[in-house]
Amino acid sequence: MRKFIVLLMLLGIWQMASAKRKTALRVLQINIWQEGTIVPNGFPAIADEIIDKDADIVLFSEVRNYNGTDFIQRILAELKFKGSSYFGKSSDEKLDVGLISKYPVGDQHALYDKDSGMGGVLKSKIKIGGRDFVFYSLHLDYTNYACYLPRGYDGVTWKKMESPINDVSAIVESNRKSKRDEAIRDVIRDVAHEEQFQSFIIAGDFNEPSHLDWTAATKDLFDHRGAIVPWDCSVLLEKAGFKDSFRLKYPNSVSHPGFTYPAFNKDVPIDKLAWAPTADDRDRIDYVYYRSKQPLEVVKAMIVGPVETVKYAKKQEKDSEDEFLLPKGVWPTDHKALLVTFVF
């Protein structure tokens with residue numbers, strides 16, 4: 001009888017431990033700059049970074065599928081060659097985003113391709129640790145880059161203007177010509193049509209700053225020239241209940257600006273990294289957003305890449321309190337990446 005009671009007690013302890021066990025999910029978002037082709041040895045470096053950062057899910061921007069090649073299958077083969085197994089589905093030649101996963105990928109289809117005028121959006125469903133996730137990999141329209149206007153550059157031609165534009169209404173009007181806001185509205189509508197017991201993650205290169213970064217506290221920094229801008233994409237996602245994982249962990253946009261573009265790259269001439277050479281055009285334009293009715297906690301949100309940025313067409317040493325996960329070797333892109341760790 002005593003042995004039976006002890007056995008029941010041990011079973012209860014095991015059940016309690018199992019109930020408290022958490023699943024960690026490491027999500028890497030990275031713009032791979034033309035599949036790593038701009039940086040010498042950039043393509044194998046993409047695989048090296050995925051392995052080094054031990055990412056469970058990777059969302060890519062700037063997939064190109066050059067000359068009939070299939071980037072997703074190529075990167076899966078490169079990872080397998082280096083000893084790491086991932087799942088992924090071939091991407092359409094018109095789709096400039098992609099996703100790979102340590103977990104089997106279920107239903108997957110494009111909401112938009114790169115010819116839509118809104119940028120690419122890929123939707124993927126994955127079951128992880130008994131939880132249903134829906135991922136949206138985004139690379140939104142790069143034109144009408146309105147955050148250049150206060151910096152004195154045209155966001156369409158990339159040419160220097162006679163004078164900067166810091167009128168907020170003019171900035172917002174120019175920004176909406178990009179249709180980035182339309183793409184985000186459609187993603188939000190798509191989320192609304194899904195079963196809400198699922199957890200939703202939206203990540204990618206938005207080509208647009210956040211209203212959480214262009215604030216009263218930063219209006220006289222980073223060549224914002226007094227502009228406090230309610231950037232559409234971030235405002236829409238916040239109103240829809242999505243959380244900005246990086247800004248959630250680091251709410252101070254002065255001490256932790258979290259710039260993801262432009263990133264300094266020692267293997268690339270500086271003129272390929274500086275599109276606004278007389279300006280400080282650093283911004284946070286790459287994001288991992290999430291929404292979940294079931295518990296989902298961000299425990300880490302790390303910038304991945306070189307600590308240096310580019311400012312006034314020169315290498316800018318680290319000038320913030322941001323923490324970085326450094327590249328293993330070659331850095332394959334002109335963006336910083338994001339590695340967000342969730343637990344549930």
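Okay, let's start inside: the largest cavity is lined by Phe259, Arg282, Val307, Thr309, Gln316, Glu317, Lys318, Asp319, Ser320, Asp322, Phe324 and Lys336. Before I go on, this is a predicted model, where local features need pLDDT of at least 70 and side-chain atom pairs count only at pLDDT 80 or more, while totals for chains, interfaces and linings use all residues. Residues are numbered from 1 along each chain as its sequence is written, and side-chain values use heavy atoms, with hydrogens and water left out.

So what do I mean by a cavity? On a 1 Å grid over the protein atoms alone, a cavity is a set of points where a 1.4 Å probe fits but cannot get out; a pocket is an open set with protein on both sides within 12 Å along at least five of seven lines, and lining residues have an atom within 4 Å of a point. Grid points are joined across faces, edges and corners, and a volume is the space filled by probe spheres set on the points.

Back to that largest cavity. Its volume is about 70 Å³, and its lining splits into 3 nonpolar, 3 polar and 6 charged residues.

How many cavities of 30 Å³ or more does the structure hold? There are 3. You'll remember Phe259 and Arg282 from the lining of the largest cavity.

Now the pockets. The largest one comes to about 560 Å³. Which residues lie nearest its centre? Those are Glu62, Arg64, His139, Tyr142 and Asn207, out of 24 lining residues. That lining is 10 nonpolar, 6 polar and 8 charged.

The second largest pocket has a volume of about 150 Å³. Its lining includes Phe264, Lys266, Asp267, Glu308, Lys315 and Trp331, and by type the lining residues come out as 4 nonpolar, 2 polar and 4 charged.

Let's move to a helix. In α4, residues 168–176, the buried residues are Ile171, Val172, Ser174 and Asn175. They sit on the same side of α4, because they cover an arc of only 165° around the axis; that arc is taken from the directions from the helix axis to the C-beta atoms. Buried means under 20% relative accessible area, exposed over 50%, and partly exposed in between, with a 1.4 Å probe and protein chains only. Helices (H or I, at least four residues) and strands (E, at least two) are DSSP runs, numbered from the N terminus. The buried residues of α4 pack against α5 (180–192) and α6 (232–239), where contact means heavy atoms within 4.5 Å.

Lys179, in the loop between α4 and α5, has a positive phi of about 70° although it is not a glycine. Lys179 counts as partly exposed, at 35% relative accessibility. Ala313 also has a positive phi, near 60°, and lies in the loop between β12 (309–311) and β13 (314–316). Ala313 is partly exposed too, at 26%.

Last one: the peptide bond from Tyr261 to Pro262 is cis, with omega near -5°. Pro262 is in the loop between α7 (245–249) and β10 (286–292).

Note on methods:
Nonpolar A, V, L, I, M, F, W, Y, C, P; charged D, E, K, R; others polar.
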